[in-house]
Amino acid sequence: MIRIVTGERGEGKSTLMEKLSSSDPMAFGFISRHRGNGYYLYDVKSGKEELLMSEDLESSFMIGRYHYRQELFDYANQYLSSLECGHIFIDEVGRLEVSGGGFSPALHRIIKENKMDLTISVRSAFLTLVEDCFSIKDAEIIHVSRDTFGVSPL
């Protein structure tokens, strides 16, 4: 099963992803946490987090105005691709993944093998692009909005 949490920036996608993953004993994956001028990659299984991207990082890899640490994406893809069972959570799938970067390698493998549940978050503007890029059909869509401060299926 594939579930997509979608909504606009700052409307609760990551919060919902963290809530869903924390109540699932078979949860693996990564949630994005925004603090200051950076984004941290939070491992839902270990509880560890590391700075993934920031305006202040010295890196040749960029997403918009943020420099990012490719080695963290490499680690995350290797880790996620090694899993054989469980429920995978990947927060903030978007432009980078559609262009083949970020979590793209792990997403392609997980979706192709279709042996684990997958929950991803995607901004509304990128939903169709992500579904097309990863050949996602019949996903359960959960829309998060500031008005409802919760979830409502589309």
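## Basis of the model

In this predicted model, local features need pLDDT of at least 70 and side-chain atom pairs count only at pLDDT 80 or more, while totals for chains, interfaces and linings use all residues. Residues are numbered from 1 along each chain as its sequence is written, and side-chain values use heavy atoms, with hydrogens and water left out.

## Aromatic pairs

The whole structure holds 8 aromatic pairs, a pair being two rings of Phe, Tyr or Trp (its six-membered ring) with centres within 6.5 Å, called stacked with planes under 30 degrees apart, edge-to-face over 60 and tilted for the rest. One of them joins Tyr39 and Tyr66, edge-to-face at 5.4 Å centre to centre with 80 degrees between the planes. Tyr39 belongs to strand S3 (residues 38-43) and Tyr66 to strand S6 (residues 66-68), so this pair ties together parts that are 27 residues apart in sequence; strands here are DSSP runs of E with at least two residues, and helices are runs of H or I with at least four, numbered from the N terminus.

Tyr66 is buried at 11% relative accessibility, where buried means under 20% relative accessible area, exposed over 50% and partly exposed in between (1.4 Å probe, protein chains only).

## Charges over rings

Arg35 lies over the face of Tyr40, 4.1 Å from the ring centre, and Lys45 over the face of Phe28 at 4.8 Å; the criterion is NZ of Lys or CZ of Arg within 6 Å of the ring centre and within 35 degrees of the ring normal.

## Positive phi values

Ser135, in the loop between helix H5 (127-133) and strand S9 (140-145), has a positive phi near 50 degrees although Ser135 is not a glycine. Asp138, found in the loop between H5 and S9, has a positive phi of about 60 degrees and is exposed, with a relative accessible area of 82%.
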